[in-house]
Amino acid sequence: MELEIAKLLRAAWIAGILPILIASIPSSHFQSFHRLVSGFSNRGKTSLHNSNFTVPQRFFLHFYVVAVVWTTFLLLLTWLYAYKMVPLGHEPLHYTTIASHLTGGSHIFSRHKSHSTPFERRYIVWRTVLLLLLMELQVWRRLYETVYVFDYSSSARMHIFGYFTGLFFYTAAPLSLCSTCAPEVVNFAIHSLAEFIIKGRDKMPILEIDWLGYVNPLTKLGWFQWIGATVFIWGWAHQRRCHAILGSLRDHKEETDEYAIPHGDWFEFVSCPHYLAEMVIYGGLLIASGGSDLTIWLLFGFVVVNLVFAAAETQRWYIRKFENYPQTRGAVLPFVY
């Protein structure tokens with residue numbers, strides 16, 4: 001079951017990456033395909049409004065409602081499974097597991113990639129808890145910003161294909177972060193539910209809330225996890241600032257009915273720093289995962305190619321809109337692109 005979930009997710013990410021890569025090829029042979037992909041992905045100010053298959057951009061709210069509910073469900077279920085079934089306590093580290101401990105269960109430097117010892121398996125599960133915790137921070141903040149920071153214009157639209165892509169992304173991304181242990185977590189949930197149905201509520205053991213027992217194993221993870229978490233928080237904080245800047249411009253637009261050039265934070269270097277911050281966020285998740293899961297690599301790849309493509313469209317819009325637009329700003333990668 002684990003392999004089936006991973007295969008489906010990997011196939012989905014590849015199916016999302018390839019069309020964007022093809023549309024990004026600078027050749028006249030692919031211009032029509034580029035316009036097609038742009039029409040699907042453009043939204044807000046870059047949307048052409050020439051399609052009947054659009055929905056209001058304020059439907060972004062749906063993405064984050066789905067993301068919060070789904071990520072919270074996966075987090076709580078995985079955390080409960082980790083606490084009850086695979087506790088991470090003090091155990092002697094033998095020579096063969098020292099590298100795995102230091103890298104947080106990563107097999108990057110190991111010759112034995114096909115099997116995990118029980119000790120390493122426990123690391124993988126608790127590492128997944130950390131990844132889902134970080135994702136939880138991200139989706140809750142995005143939900144808050146959608147409600148309280150961004151005031152989408154009634155004329156702002158996005159293609160319905162982009163809408164369904166967003167719903168898919170915020171369903172598949174959290175699942176990709178936990179795909180390595182999802183089958184055993186599902187089996188645990190099914191077994192617990194069956195036990196509850198057979199025994200009844202009165203005969204079930206009382207669930208004790210041991211906060212230290214739930215949190216302490218996270219402190220025993222390797223340095224890969226904490227470097228990744230630090231990178232994640234760095235991107236998270238910058239995206240929050242950039243979204244606040246964009247939100248203030250929307251307030252300004254309501255007063256003047258005109259767009260303005262954003263300034264401040266990473267806007268001084270690139271046109272789409274919120275996209276850059278998103279790539280940093282998922283790069284942090286990739287590092288925290290240990291870098292050994294192809295599914296998470298493909299998730300990160302989709303985020304990068306999708307946002308680079310969208311940033312290029314936004315950059316072209318800014319240049320067309322403003323004659324005095326800063327020429328030193330890249331689209332999304334400082335001093336590179």
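This is a predicted model: local features need pLDDT of at least 70, side-chain atom pairs count only at pLDDT 80 or more; totals for chains, interfaces and linings use all residues.

Colleague: Is Cys178 buried or exposed?

Modeller: A residue counts as buried when its relative accessible area is under 20%. Cys178 has a value of 2% and is therefore buried. Cys242, at 0% relative accessibility, also counts as buried.

Colleague: Which residues does the annotation "transmembrane region" cover?

Modeller: Such an annotation comes from a record and may be inferred rather than shown by experiment. The unreviewed UniProt entry places it on residues 12-30, 59-82, 123-140, 160-190, 211-237 and 294-312. The coordinates can then be examined for each span. Residues 59-82 are 96% helix and 0% strand, with 35 Å between the end C-alpha atoms. For residues 211-237 the figures are 74% helix and 0% strand, and the end C-alpha atoms are 27 Å apart.

Colleague: How many salt bridges does the structure hold?

Modeller: The criterion is a side-chain nitrogen of Lys or Arg within 4 Å of a carboxyl oxygen of Asp or Glu. The structure holds seven salt bridges. One of them joins Arg10 and Asp293, whose closest N and O atoms are 3.7 Å apart. This pair links distant parts of the chain, since Arg10 belongs to helix H1 (residues 2-23) and Asp293 to the loop between helix H10 (273-288) and helix H11 (294-321), 283 residues apart. Arg10 is partly exposed because its relative accessibility is 27%, whereas Asp293 is buried because its relative accessible area is 7%.

Colleague: Which parts of the chain does the salt bridge of Arg121 tie together?

Modeller: The partner of Arg121 is Glu184, and the closest N and O atoms are 2.5 Å apart. Arg121 lies in helix H5 (residues 118-148) and Glu184 in helix H7 (residues 182-199), so the bridge ties together parts that are 63 residues apart in sequence.

Colleague: Which residues are linked in a network of salt bridges?

Modeller: The network consists of Arg141, Arg142, Glu145 and Glu278. Within this group, Arg142 forms a salt bridge with Glu278, with 3.6 Å between the closest N and O atoms. The pair links distant parts of the chain, as Arg142 is in helix H5 and Glu278 in helix H10, 136 residues apart. Both partners are buried: Arg142 because its relative accessibility is 9%, and Glu278 because its value is 8%. Arg141 has a further contact, for its charged end sits over the ring of Trp236, 5.1 Å from the ring centre.

Colleague: How many aromatic pairs does the structure hold?

Modeller: Ring planes over 60 degrees apart count as edge-to-face, and those under 30 degrees as stacked; the rest are tilted. The structure holds 28 aromatic pairs. Phe150 and Tyr152 form a tilted pair, 5.8 Å centre to centre with 50° between the planes. Phe150 and Tyr152 are both buried. The rings of Tyr163 and Phe164 have centres 5.4 Å apart and planes at 65°, so this pair is edge-to-face. Tyr163 counts as buried because its relative accessibility is 12%.

Colleague: Which residues of the largest nonpolar core touch the most other members?

Modeller: They are Trp126, Phe169, Tyr170 and Tyr282, in a core of 84 residues. The elements that give two or more residues to this core include H1, helix H3 (60-85), helix H6 (160-177) and H9. H5 provides the largest share, 12 residues.

Colleague: Which residues have a positive phi although they are not glycines?

Modeller: Asp265 is one of them, with a phi of about 50°. Asp265 lies in the loop between helix H9 (223-256) and H10, and is partly exposed because its relative accessibility is 24%. Phe335 has a positive phi of about 65° and is placed in the segment after H11. Phe335 is exposed because its relative accessible area is 77%.

Methods: Residues are numbered from 1 along each chain as its sequence is written. Side-chain values use heavy atoms; hydrogens and water are left out. Helices (H or I, at least four residues) and strands (E, at least two) are DSSP runs, numbered from the N terminus. Buried means under 20% relative accessible area, exposed over 50%, partly exposed in between (1.4 Å probe, protein chains only). Rings of Phe, Tyr and Trp (its six-membered ring) pair if their centres lie within 6.5 Å; planes under 30 degrees apart count as stacked, over 60 as edge-to-face and the rest as tilted. A charge sits over a ring if NZ of Lys or CZ of Arg is within 6 Å of the ring centre and within 35 degrees of the ring normal. A nonpolar core is a set of buried Ala, Val, Leu, Ile, Met, Phe, Trp, Tyr and Cys residues joined through side-chain atoms within 4.5 Å.
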